[in-house]
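Notes below, in the order I looked things up.

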Amino acid sequence: MNTETQLSDLMVSAYTHQKNGDLSLAIQAWNGLVNHVDADEALKANAHLSLGNLHQLQGNNDLAVESMSNAIKANPNSAEAYFCLAYLEQEKENFSSAVEYFEQAIALKKTDSGAFNNLGNCYDRLEQSDKAINAYSQAISLDADYIAAIYNRGNAYIKTAKDDLALYDLNKAIELDANFYQAYYNRGTLLKRMGKTIQAEQDLTKAKSLAQQELEQKTPQ
C-alpha cells in the first residue's frame, strides 16, 4: 500500500468513526495521521484540530487544549484552533486568556459575529464595559439582528449609565423576540431608574409572567 493510500484510508476511517459517534476509534485514526511520517503540516494541523474537537466532546479539556495548541504549531493561521482555545478558556472562566485567543482568532477571521459577542462577554466579566460594548457593536455590524449581542450591549450600556442607548438596544431585543423575559426585566429595571414608573411596572410584570410560562413549559407534567 503506497503512502497516499495509507493517508487517505486513515482520513476516511477517522471521519467515518466520527460520523458514527465512535469517538475513541476516531481519535485513534486521527492520531495515526498525526504520527504518520509522510503527513504534511496541513494534514497534521487538520488532524490536531479534529482531535481537539473530539477530546472536547469527551470532556477531556486538557487534551483538547494540547491538540488545539499543536494545530496552531502546525498551522499558525488556524483561526478555528484559536476560537476553540478561546471557548475552552471562557468555559474555565479564564477570561483574560480567552480574550487573547479571541483577539488572535478575530485577527485571522474578522467575519465571525459569534466570536465578537463572546469576546464582549469576556470583557464584560473582566468589568471592561467600554471594550465589551465595542466588541458587541462589531458583532452587530456583522449581523444587524444578532439578538444576543444587542441584548448584551444594552446591559453593558446600563453599567456605563448610557441609559438612552441601553433602552434602544433592549427595545430592539424585545422587538426581535416578544417573549424575551430577561430583556423585559432589564428594561423594566432601567425604566424605573429613569423615573418611568408605570412603564417599568408593566415590563417587570410582563417579565414575571413570561418567566413563569417558560418554567411551566419546562416542568414535566
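**Entry 1**

I started with Glu89: leaving aside its neighbours within four places in sequence, Glu89 is in contact (heavy atoms within 4.5 Å) with Asn94, Ser97, Ala98 and Tyr101. Before going on, I noted that this is a predicted model, where local features need pLDDT of at least 70, side-chain atom pairs count only at pLDDT 80 or more, and totals for chains, interfaces and linings use all residues. I also noted that residues are numbered from 1 along each chain as its sequence is written, and that side-chain values use heavy atoms, with hydrogens and water left out.

Is Glu89 buried or exposed? Glu89 is buried, at a relative accessible area of 9%; buried means under 20%, exposed over 50% and partly exposed in between, with a 1.4 Å probe and protein chains only. Glu89 belongs to helix H5; helices are DSSP runs of H or I with at least four residues, numbered from the N terminus.

I then checked H5 as a whole. H5 covers residues 79-91, and its 13 residues reach 18 Å from first C-alpha to last, close to the expected 18 Å (1.5 Å times one less than the number of residues). Ten of the 13 residues in H5 are buried, including Tyr82, Phe83, Leu85 and Leu88. The buried residues of H5 pack against helices H3 (41-57), H4 (61-74), H6 (95-108) and H7 (113-125). Just after H5, I found Glu93 with a positive phi of about 65°.

**Entry 2: H1 on H3**

I looked up H1 (residues 3-19) next: the axes of H1 and H3 come within 12 Å and cross at roughly 20°. Axes here are lines fitted to C-alpha atoms, for helices over the stretch in contact, with angles from 0 to 180 degrees between N-to-C directions. H1 and H3 are therefore roughly parallel, the label for angles under 35 degrees. Leu7, Met11, Tyr15 and Gln18 in H1 meet Leu43, Asn46, Ser50 and Leu54 in H3.

**Entry 3: H3 on H4**

For H3 and H4, the axes come within 8 Å and cross at roughly 165°. That makes H3 roughly antiparallel to H4, a label for angles over 145 degrees. Among the residues meeting here are His48 and Leu49 from H3, and Ser67 and Met68 from H4. The contact of H3 with H4 divides into eight nonpolar, eight polar and two charged residues.

Conventions
Helix = DSSP H or I, 4+ residues; strand = E, 2+ residues; numbered from the N terminus. Parallel < 35°, antiparallel > 145°, perpendicular 65-115°, else oblique. Nonpolar A, V, L, I, M, F, W, Y, C, P; charged D, E, K, R; others polar.
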